[in-house]
Amino acid sequence: MSPKLGRRPRHRGRLIHAEKFPDDKDLITSSSSSLLFLRSLRSLRSAITNMKDRAHQVEAWLDRLYIAAEGAGLRDEDRRKAIEVAAILEEIERAVERWSARRPLVLVDAAAGKSYVGLLAASLVFDKLERQARVIVLERNRRLVDLTAAAIGRLGTRVPIECREADVADPAVWPDEPDIVVALHACGPASDAVLDRATGSRARLLLLVPCCTSDSVPSAAEAMREATRLGIPRQAPVRRRFIQALVDADRTRRLESAGYRTEVVEFVGATVTPHNLLWRARRTRQAAADRDEP
Ligand SMILES: C[S@@+](CC[C@H](N)C(=O)[O-])C[C@H]1O[C@@H](n2cnc3c(N)ncnc32)[C@H](O)[C@@H]1O
């Protein structure tokens, strides 16, 4: 005879509990851990909803600031960019909320392109949280700097935004001790230059998302020699992964040895962008102490 599905003896759950958790204390623990699980499920669901809302908000702003202004419509790649920017804004907002509101903040958007992150951080984070701040945008391509300047006019923020047409490797263009340095998809060696300049200028927080790894990335040349020395096969996908792993390790190590507590996380899914690793590096007290030593 087949068992009747959906009909269980009433006492079954309690019996299992009794066998597994012999005293009341454990029963309480069991039900409170279920409660905790439900709570975290609920907060995960609300975080996903918030993230989706933010991505839609960013999409609307990208359209208003740049795309409609150029007489075009949103493409799939713009929608993916909106997801990336929304995720970075979430990181910025979380940091800002942790810090005292007494002091004005400085954010640097490095290798900024059209400065989506810098401009929208001004409006969707600093304006929204009513925080005193200023934004500095660093980009070497004059056309993109001009596009940023035009977009600032359409943004209507109270946060001062300064566009600097500059190479991120130039120490002269960096402010001292910026609170946040963000570089979304800094290509090739620009990621290394941002890393060096952000730590050199004692940024409090670096949010770095590297992009492609070309031969001009300093540690890539070293990794290539290492690949040859170890006899890593020449097949491109195998070799590329090996080299990327060494470049990623080198960047992580440099941040840590500069006194930055560093996490590396996937800030968006790999279907949004294959370059989806974020280096989240916070300056530690040790870094501050090292610098103050004579
Ligand atoms: C892939 S785009 C990313 C732009 C923007 N952060 C974004 O996510 O939309 C990289 C940008 O970095 C700029 N760039 C590359 N190397 C640079 C350097 N050494 N100094 C300043 N800007 C640089 C390029 O001109 C380009 O606009």
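A residue counts as buried if 20 or more other C-beta atoms lie within 10 Å of its own. Keep that cut-off in mind while reading this predicted model. Take Leu-119 as a test case. Leu-119 has 28 C-beta neighbours inside 10 Å, so it counts as buried. Its place is in helix 4, which runs over residues 116-129.

What does Leu-119 touch, once its neighbours within four places in sequence are left aside? Its contacts are Leu-65, Ala-151, Ile-152, Leu-155 and Ile-161. Look at one of them, Ile-152. In sequence, Leu-119 and Ile-152 are 33 residues apart. In space, their C-alpha atoms are 7.1 Å apart.

Now step back to the whole protein. It has nine helices and seven strands. Of its 294 residues, 32% are buried. Take the contacts with a separation of 6 or more: residues 24 or more positions apart account for 72% of them.

Strand 1 pairs with strand 2 in the parallel sense, over six bridges.

Along with strand 4 and helix 6, strand 2 supplies at least two residues of the shell around the ligand. Strand 4 gives the largest share, three residues. In total, 19 residues surround the ligand. The closest are Ala-111, Gly-113, Arg-140, Leu-184 and Ala-190. What classes of residue make up this shell? It has 13 nonpolar, three polar and three charged residues.

Stay with strand 4 for a backbone detail. His-185 is found in this strand. Its phi is positive, about 55°, although His-185 is not a glycine. His-185 has 18 other C-beta atoms within 10 Å, so it is partly exposed. With 12 other C-beta atoms within 10 Å, Glu-177 is exposed.

The last stop is helix 8, residues 236-257. Start with its length. Its 22 residues, at 1.5 Å a residue, should span 32 Å. The end C-alpha atoms are 31 Å apart, which agrees.

Which residues of helix 8 are buried? They are Ile-243, Val-247, Arg-251 and Leu-255. These residues cover an arc of only 110° around the axis, so they sit on the same side of helix 8. On the other side, Val-238, Arg-241, Ala-245, Arg-253 and Ser-257 are exposed. What do the buried residues pack against? Their partners are helix 6 (190-200), helix 7 (218-230), strand 6 (260-266) and strand 7 (277-283). After helix 8 comes Gly-259, with a positive phi near 90°.

Key:
Residues numbered from 1 in each chain as written. Predicted model: local features only at pLDDT ≥ 70, side-chain atom pairs only at ≥ 80, totals over all residues. Helix = DSSP H or I, 4+ residues; strand = E, 2+ residues; numbered from the N terminus. Expected span 1.5 Å × (residues − 1). Arc of directions from axis to C-beta. Contact = placed C-beta atoms within 7 Å. Near = placed C-beta within 6 Å. Nonpolar A, V, L, I, M, F, W, Y, C, P; charged D, E, K, R; others polar. Pairing = 2+ DSSP bridges.
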